[in-house]
Amino acid sequence: MTDTECTATQQVRPARAEDVPAVKAVTDAAYHPYIARIGVVPQPMEADHAADVAAGKVFVTGEPVVGLVVVEVFADHLFLDSIAVRPDAHGTGVGRRLLRFVDARARALGLDEIRLYTNALMWENQKIYPRYGYEVVARRVDGPYDRIHYRKRLG
């Protein structure tokens with residue numbers, strides 16, 4: 001990989017309309033393995049990706065896209081709605097880069113808190129988020145989803 005390619009793959013940028021198929025593909029690939037475990041289709045797989053991209057909520061990394069985050073701005077926090085990394089890119093730092101981007105995005109917006117939730121049966125996430133400064137604040141059942149809610153306060 002050349003230095004230019006390496007730099008391009010490390011950038012996180014707003015998704016564009018032409019990225020919608022890749023956003024769907026990466027999201028589906030990342031969440032599909034959980035269907036059998038949790039017994040329902042994970043919500044990110046059912047999102048309106050085109051609407052989220054058009055609303056400026058989706059940020060991607062890689063050319064081609066290997067990872068993405070979907071965030072929503074609220075008055076007192078940034079909500080991390082979804083993070084997805086293509087399975088063949090696991091362990092390459094893509095998720096870490098995206099989580100750092102979310103921190104930077106919240107700070108740039110003048111927000112000092114990030115919130116997210118994950119399905120209680122997605123055990124892998126429960127190990128990852130605390131390593132990046134997230135703390136558990138609640139566990140709630142929302143329809144078919146048993147969710148663990150996290151927050152991160154930015155210093």
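Colleague: What is Val 136 in contact with, leaving aside its neighbours within four places in sequence?

Modeller: With Ile 148, His 149 and Tyr 150. Contact means heavy atoms within 4.5 Å. The model is predicted, with local features needing pLDDT of at least 70 and side-chain atom pairs pLDDT 80 or more, while totals for chains, interfaces and linings use all residues. Residues are numbered from 1 along each chain as its sequence is written, and side-chain values use heavy atoms, without hydrogens and water.

Colleague: Why is Val 136 called exposed?

Modeller: Its relative accessibility is 53%, so Val 136 counts as exposed. The rule is: buried under 20% relative accessible area, exposed over 50%, partly exposed in between (1.4 Å probe, protein chains only). Val 136 sits in strand β6, residues 135-142. Strands are DSSP runs of E, at least two residues; helices are runs of H or I, at least four; both are numbered from the N terminus.

Colleague: What makes Arg 139 exposed?

Modeller: A relative accessibility of 54%, so Arg 139 counts as exposed. Arg 139 is also found in strand β6. Beyond residues up to four places away in sequence, Arg 139 touches Ala 120, Asp 146, Arg 147 and Ile 148.

Colleague: Why is the pair of Phe 79 and Tyr 117 called tilted?

Modeller: The ring centres are 5.4 Å apart and the planes stand at 50°, so the pair is tilted. Rings of Phe, Tyr and Trp (its six-membered ring) pair if their centres lie within 6.5 Å; planes under 30 degrees apart are stacked, over 60 edge-to-face, and the rest tilted. The pair links strand β4, with Phe 79, to strand β5, with Tyr 117, 38 residues apart.

Colleague: How do you know that Phe 79 counts as buried?

Modeller: Phe 79 has 13% relative accessibility, so it counts as buried. Tyr 117 has 25%, so it counts as partly exposed.

Colleague: What makes a set of residues a nonpolar core?

Modeller: The members are buried Ala, Val, Leu, Ile, Met, Phe, Trp, Tyr and Cys residues, joined through side-chain atoms within 4.5 Å. The largest such core here has 24 residues; Val 69, Val 71, Leu 80, Val 102, Ile 114, Tyr 129 and Tyr 134 touch the most other members. The largest share of this core, six residues, comes from α5. Apart from it lies another core, of 17 residues, including Tyr 31 and Val 58.

Colleague: What makes a space a pocket rather than a cavity?

Modeller: The test uses a 1 Å grid over the protein atoms alone. A cavity is a set of points where a 1.4 Å probe fits but cannot get out; a pocket is an open set with protein on both sides within 12 Å along at least five of seven lines. Lining residues have an atom within 4 Å of a point. The largest pocket holds about 950 Å³. Of its 44 lining residues, the closest to its centre are Tyr 31, Ile 83, Ala 84, Asn 125 and Tyr 129. The largest share of the lining, six residues, comes from β4.

Notes: Points joined across faces, edges and corners; volume = space filled by probe spheres on them.
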